[in-house]
Amino acid sequence: MKTICLYFEIHQITHLKRYRFFDIGTDHYYYDDYENERRIAEVAEKSYMPALNALLDMIHRHGQQFRVAFSLSGVCVEQLENHAPQVLSKLQELNDTGCVEFLAEPYSHGLSSLVNVESFAAEVKRQCALMHEYFGKQPQVLRNSSLIYNDEIGYQAAKMGFKGMITEGAKHVLGWKSPHYLYNNPLAPNLKLLLRDIALSDDISLRFNDHSWSGYPLFADHFVDEIAALPEREEVINIFMELSALGMAQPLDSNILEFFKALPDCATARQIVFATPSELCTNRKPVDHLSVPDSLSWVDEERDVSPWLGNPMQQEAFDKLYSVADRVRIANDPRINQDWDYLQASNNFRFMTTKPSLVGIDRGIYDSAFDAFTNYMNILGDFINRVNSLYPADIDNDELENLLTMIKNQGDEIEIKDKEIIRLQAKIEKLEAPKRKATRHTVSSEKSAAKQADDTHSTTKGKRATTHQTEK
């Protein structure tokens with residue numbers, strides 16, 4: 001049976017302010033608060049709230065027949081907490097329906113998976129903890145920033161315990177294969193891969209309101225007919241996009257929400273169902289492994305990482321940022337950690353791109369790629385000075401490596417001891433259970449005996465009183 005897997009990314013840029021060379025060392029605050037508040041409020045009003053309300057209506061109408069998945073970056077959750085808490089409340093309301101899944105992703109929406117395994121794992125762990133805090137569920141499926149993936153990243157995901165990852169169904173990776181099956185990672189066969197259908201996803205997220213597009217106007221029945229017409233064995237259709245496509249990229253007056261609301265009825269009429277990523281990973285078997293030696297993503301024609309690392313400016317900024325990754329982890333300073341999250345965000349590198357793109361790039365306050373690079377490097381210079389003040393740069397790599405190893409070993413020991421404590425507590429509970437039961441039985445017997453004695457005493461006392469009255 002053909003199955004649609006519908007997934008939305010929720011992430012917003014944290015805008016940096018104008019930061020000049022002479023600010024280094026004197027100003028440690030890097031953000032444009034006005035622009036951040038304005039943009040998140042605008043997206044919440046024009047996209048997130050109308051879209052989430054529409055999806056909630058679809059669940060109320062169709063119940064368990066309609067399923068949908070989301071992932072939220074940690075930095076976006078922080079913005080929503082500050083400027084649009086109603087979005088988080090609506091997501092919690094959706095979660096309560098039992099028809100929604102929340103995926104894991106890097107907390108910063110950054111590129112750590114390409115350079116630092118420890119930082120990547122730590123970010124994903126923090127984001128998972130945040131999802132559990134808000135929605136009471138532990139994510140089972142991972143999506144990396146912008147669906148960036150390669151075999152090694154998949155292997156790391158499997159080591160973290162994920163059952164699946166979602167990524168791009170890029171033609172240069174698939175070759176003759178179809179994105180409409182589940183695949184697995186060749187280094188970790190237990191990790192299942194769900195591949196985005198590029199054409200069907202972009203028909204909605206990029207072309208829906210394009211009057212020059214040959215497929216315009218796109219109606220829900222025609223869209224579902226296209227899915228139904230796929231070869232019989234091609235049963236998994238993954239439609240992945242940003243939630244902001246509904247209302248921002250495709251304005252509400254284009255009837256984009258009406259299109260979505262009609263999808264479940266059209267799908268049911270053609271015996272097509274909906275499922276979440278983890279349901280697919282649980283219920284379906286992969287048909288083959290998929291080898292991805294070079295990193296791919298869902299951005300631009302090349303579907304690689306060149307939008308973020310395609311020119312020398314981007315590479316220099318990237319290398320300089322992650323040169324202090326281990327020191328940041330050792331310092332573990334709250335303010336440093338927060339700035340680290342925001343400076344890692346992939347859009348900081350995307351603003352520096354010199355690649356032509358079919359999708360326009362809004363550089364915000366920047367006039368050019370070089371302007372974005374200069375501003376970012378000024379901020380990064382101040383940030384690194386602050387990191388070095390906590391953990392001096394003159395300490396050699398061997399000493400740093402030894403300290404990192406010691407910290408890791410201590411963390412492993414603590415984890416082992418925590419598990420041992422839990423095991424022993426369970427054992428003690430098991431051993432003490434019969435004693436508690438016997439104690440309860442003894443106490444109950446003693447109470448029963450005492451009550452019986454009291455009753456006997458009361459009866460005897462009553463008889464004596466009666467005898468005494470009779471003698472009078």
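Helices (H or I, at least four residues) and strands (E, at least two) are DSSP runs, numbered from the N terminus. This is a predicted model: local features need pLDDT of at least 70, side-chain atom pairs count only at pLDDT 80 or more, and totals for chains, interfaces and linings use all residues. Residues are numbered from 1 along each chain as its sequence is written, and side-chain values use heavy atoms, with hydrogens and water left out.

**Figure 1. Asp-27, in the loop between β1 and α1.**
Helix α1 covers residues 33–62. Asp-27 counts as partly exposed, because its relative accessibility is 23%. (Buried means under 20% relative accessible area, exposed over 50%, partly exposed in between, with a 1.4 Å probe and protein chains only.) Asp-27 and Ile-379 are 352 residues apart along the chain. Their C-alpha atoms are separated by 9.3 Å.

**Figure 2. Helix α4, residues 117–135.**

**Figure 3. Val-124, a residue of helix α4.**
Val-124 counts as buried because its relative accessibility is 1%.

**Figure 4. The largest cavity, with a volume of about 40 Å³.**
On a 1 Å grid over the protein atoms alone, a cavity is a set of points where a 1.4 Å probe fits but cannot get out; lining residues have an atom within 4 Å of a point. Grid points are joined across faces, edges and corners, and a volume is the space filled by probe spheres set on the points. The count comes to two cavities of 30 Å³ or more. Which residues line the largest cavity? They are His-15, Leu-16, Phe-351, Arg-363, Gly-364, Ile-365 and Tyr-366. This lining divides into four nonpolar, two polar and one charged. (Ala, Val, Leu, Ile, Met, Phe, Trp, Tyr, Cys and Pro count as nonpolar, Asp, Glu, Lys and Arg as charged, and the others, Gly among them, as polar.)

**Figure 5. The second largest cavity, with about 30 Å³ of space.**
Ile-4, Leu-6, Ile-204, Ile-239, Phe-260, Leu-263 and Phe-274 line the second largest cavity. Two elements give two or more residues to this lining: β1 (3–10) and α9 (256–269). The lining has seven nonpolar residues, no polar and no charged.

**Figure 6. Backbone details at Pro-217, Gln-271 and Arg-303.**
Most residues other than glycine have a negative phi, and most peptide bonds are trans. A cis peptide bond joins Tyr-216 and Pro-217, with omega about -10°. Pro-217 sits in the loop between α7 (198–205) and α8 (220–228). Gln-271 has a positive phi, near 60°. Gln-271 belongs to the loop between α9 and β11 (273–274). Is Gln-271 buried or exposed? At 63% relative accessibility, Gln-271 counts as exposed. Arg-303 also has a positive phi, near 55°. The loop between β12 (288–289) and α11 (306–309) holds Arg-303. Arg-303 counts as buried, at 12% relative accessibility.

**Figure 7. Ala-372 in helix α16, residues 369–390.**
Ala-372 is buried, with a relative accessible area of 1%. Gln-314 is 58 residues apart from Ala-372 along the chain. A separation of 10.0 Å lies between their C-alpha atoms.

**Figure 8. Leu-252, in the loop between β10 (250–251) and α9.**
Leu-252 counts as partly exposed, at 34% relative accessibility. Ser-47 and Leu-252 are 205 residues apart along the chain. Their C-alpha atoms are separated by 8.0 Å.

Terms used:
The expected span of a helix is 1.5 Å times one less than its number of residues. On a 1 Å grid over the protein atoms alone, a cavity is a set of points where a 1.4 Å probe fits but cannot get out, and a pocket is an open set with protein on both sides within 12 Å along at least five of seven lines; lining residues have an atom within 4 Å of a point.
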